[in-house]
Amino acid sequence: MRISMVSEHASPLAALGEEDAGGQNVHVADLSAALVRAGHDVTVYTRRDDPDSPDTVETPAGYRVVHVPAGPPRRLPKDELLPYMGEFGSWLRDRWTEEPPDVAHAHFWMSGVATVLAAREAGVPTVQTFHALGVVKRRHQGDADTSPPDRMRLERMIGKQVDRIVATCSDEVFELARQGVPRQRISVVPCGVDLDRFGGGGPVAPRNAPKRVVSVGRLVPRKGFDLAIAALARVPETELVIAGGPASGALSRDPEAQRLQRLAEKLGVADRVQLAGQVSRAEMPALLRSADAVLCTPWYEPFGIVPLEAMACGVPVVAAAVGGLTDTVVDGITGRLVPPRDPARLAARLRALLDEPAELEALGTAGQERVRARYSWDRIAAETVRAYEKAMPVGESGWAAVP
């Protein structure tokens, strides 16, 4: 099958942890690689944000990345990219008219805008993964939401015009249904985890305290790192490592890093909080293995790849009971769920867990087994192909048998 992935701001080539570079980048990269392993031909289209980037990059995993000229060739915040999606869509339309893919899979709502515009004229079946919904973001961030005003309207339009939606969790299905998207046009396919990279064996990063908890993600307020710091003030003899954001040398200039540092100083835990900055994919497994538990405390979370990576390493997860985290973390079996935005409850749960080494081990073992059984990227790719088949006109599917 010839598959076009459209990921307008989240390039699979980007460095993770910086602004607008996170789980979606991983998802697109690892899903594309798994589809190639299954015998499919995959091209990822992303916006050119550097004038020196080559037009096409052939990746070691076998998929190619094409840099689409749409807007100025420099890095822009994703919330400023909507005016260039018409140009992006027109470029795709011209490309697909000459060489149509069998299916186009858009990632994020703005990619959906460009994909719908292009596919309508080129006659290409379309699949959409939102990764996050504007209505949920607005509900949690209110006036702090920087999304374009038309986001929710355009998401509803995309949901009604694409041939298939791939939702990453059950919570998203409910949100889409409330927007009028028929349930029968939605497939639920979670994110996956690279089991070759993330596993229980391998190097372990050194630590500086008897106990360690780790949090990973982009340095933005909604990730809730301040909640983890507030909880740490009630958890003695434990250090907190926060991985994400710019390289460590640039952290002092990052507004969110500055805010978190001030909070740690105010609460008297600055000596137990380490802002590690950007951690490479190669170094991440060792960091996760060094933790007694991994904390995931966002205000909301469409899915969350970090819990899967932690569980794959045999480390239990303590997570806020929001969004996709309620699908991946089975409370009392693979980790613990806590009420969102409640540092006191988080601290109590974390203290109790860290005082029970046998429970930590049992949760870690169960989490690892669950990830290996359910969340390998090869399995996720196979489920995604079945969603592609459902998007195709009758008589044009059957691609799942391609070796």
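## The annotated span

In this predicted model, the end C-alpha atoms of residues 209-369 lie 28 Å apart. The span is 39% helix and 18% strand; helices (H or I, at least four residues) and strands (E, at least two) are DSSP runs numbered from the N terminus. An unreviewed UniProt entry annotates residues 209-369 as "domain: Glycosyl transferase family"; such annotations may be inferred rather than shown by experiment.

## The whole chain

The chain has 14 helices and 14 strands. Its radius of gyration, 21 Å, is close to the 22 Å that the globule rule gives for 403 residues, so the chain is as compact as a globular protein of that length. The radius is taken over C-alpha atoms, and the rule is 2.2 Å times the number of residues to the power 0.38.

Of the 403 residues, 59% count as buried (under 20% relative accessible area, 1.4 Å probe, protein chains only). Contact means heavy atoms within 4.5 Å; among contacts between residues at least 6 apart in sequence, 67% join residues at least 24 apart.

## His 107

Strand β5 (residues 103-107) contains His 107. This residue is buried, with a relative accessible area of 0%. Beyond its neighbours within four places in sequence, His 107 is in contact with residues including Met 5, Glu 8, His 27, Leu 31, Gln 128 and His 131.

## Basis of the values

Residues are numbered from 1 along each chain as its sequence is written, and side-chain values use heavy atoms, with hydrogens and water left out. Local features need pLDDT of at least 70 and side-chain atom pairs count only at pLDDT 80 or more, while totals for chains, interfaces and linings use all residues.

How values were computed: Buried < 20%, exposed > 50% of the residue type's maximum accessible area, 1.4 Å probe, protein only.
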